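Okay, thanks for coming, everyone. Let me put the structure up, and then we'll walk through some salt bridges, a sheet and a helix.

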Amino acid sequence: MIYLDYSATTPVSYEVLDTYNKVTKEFVGNANSIHSLGVKSNNLLESATKQIGELFGVAPNEIVYTSGATAANNMAIIGSALSNHKRGKHIITSNLEHPSVYAICDYLKSIGFEISYVKNDSEGLIDFDDLKSLVRDDTILVSICAVNSELGIRQPLKMIRQIIKKENGNTIFHSDMTQAIGKIPVNFHDVDLASMSGHKLYCPKGIGFLYKSSLIRLTPLLYGSGKSNDLNPGTPPLPLIASLSKACRLANADLEKRERFLALLNEKIVTHLQKYEDIKINKTKYSIPHILNISLMKVMPEAFVHAMEKHEVYFSTNTACSSTDMSNAVVAVYNDTLRAKHTIRISLSYMTTTDEINKFLMLFDQEYQKLRGLMN
């Protein structure tokens, strides 16, 4: 099998799975219970959270566990809106966000909030002048992802924050960092709120967290019991939390070395595919090497995905959570709907080997030429 869909989800690493199994077997108590088994579990919960906080340079009480980034995005964006609606109902986002952010914004629009979409330049960067012009006295939140999930475009969050805060110091800045954490260095102090998912970091599915600055107040979306998490009450999923802590530590090791290796693999694929005049490389100078988006202009991407999976080669058409057949990011950057309807996303990992890429390119040529011949 050649797996090239790491931006959709990653396999669980053996080390992380070992942590999950050990905690499941050895920590049976509810971390909210006051007896010794509960205290033992709560001590592990606090230790795991402290490790995550130290890794990202934030306080443990600024880590709020969720089921993943979509839940964290809901908690951050809707929670901010409900907490600040008396001050304003204006929210700014971009055209390069994850589908969950658009769904949340659509919901907020339906209940009276105003959503503005900031422009981007031809390289995919947020247009700073447009952002500056959009921030108003009643702007309560700006949500801009750290790395786009389709084109891998990395945004300068520190610069964006400076613009926002200069125009309105009360505006909250949220970033979906799902495609950034574990791939590139991140700084939570560039934002007020940050979302992530563990299953992008070789962790089991069903766990993530929201970084929430201690200066920010959010209205809870869920209500219940549980002393460990006011925003997400209930029994803490301790095996998943311990696994996430382990996964974060492992994923952030040797980031620069891994990025250099993936840049070589990315360039190898690009160089090979540039021989095809009817393939467009959807990549800018701000795209991280973990994600490579291309458009097969003479072949339907779904047909190509299924042709390649017969050889046990797996990748996506666009982001896995998209409900449309068009790449929003490609439209935003290239303003070409046909190009956006023919995209595939190849996403790489430090686990990807050169041999896998060589075999992938050989099978790519074989199946692409076959399908292109059928289209002519």
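So, Glu 114, Arg 136 and Asp 138 are linked in a network of salt bridges. By salt bridge I mean a side-chain nitrogen of Lys or Arg within 4 Å of a carboxyl oxygen of Asp or Glu. Before I go on: this is a predicted model, where local features need pLDDT of at least 70 and side-chain atom pairs count only at pLDDT 80 or more, while totals for chains, interfaces and linings use all residues. Residues are numbered from 1 along each chain as its sequence is written, and side-chain values use heavy atoms, with hydrogens and water left out.

Arg 136 and Glu 114 meet through their side chains at 2.8 Å, N to O. They come from distant parts of the chain, 22 residues apart: Arg 136 is in the loop between helix 5 (128-134) and strand 5, and Glu 114 is in strand 4. When I say helix or strand, those are DSSP runs numbered from the N terminus, helices being H or I with at least four residues and strands E with at least two. Buried or exposed? Arg 136 counts as partly exposed at 29% relative accessibility, and Glu 114 also counts as partly exposed, at 39%. The cut-offs there: buried is under 20% relative accessible area, exposed is over 50%, and partly exposed is in between, with a 1.4 Å probe and protein chains only.

How many salt bridges does the structure hold? There are 10. Another one is Glu 267 with Lys 283, where the closest N and O atoms are 3.7 Å apart. Glu 267 sits in helix 8 (255-273) and Lys 283 in the loop between strand 9 (279-282) and strand 10 (291-296), so the pair ties together parts 16 residues apart in sequence. Glu 267 is partly exposed at 38%, and Lys 283 is partly exposed at 30%.

Then there's Glu 367 with Lys 370, at 3.5 Å between the closest N and O atoms. These two are 3 residues apart in helix 12 (354-375), which means they are separated by about one helical turn. Glu 367 counts as buried, at 7%, whereas Lys 370 is partly exposed at 47%.

Strands pair here if DSSP finds at least two bridges between them. Strand 5 (139-143) and strand 6 (172-176) pair in the parallel sense over 3 bridges, and Val 142 has Phe 173 in strand 6 as its bridge partner.

Last stop, helix 4, residues 99-110. Its 12 residues reach 17 Å from first C-alpha to last, close to the 16 Å expected at 1.5 Å a residue; that expected span is 1.5 Å times one less than the number of residues. Which residues of helix 4 are buried? Those are Ser 100, Val 101, Tyr 102, Ile 104, Cys 105 and Leu 108. What covers them includes helix 3 (69-84), strand 3 (90-94), strand 4, strand 5 and helix 10 (328-334).

Note on methods:
Contact means heavy atoms within 4.5 Å.
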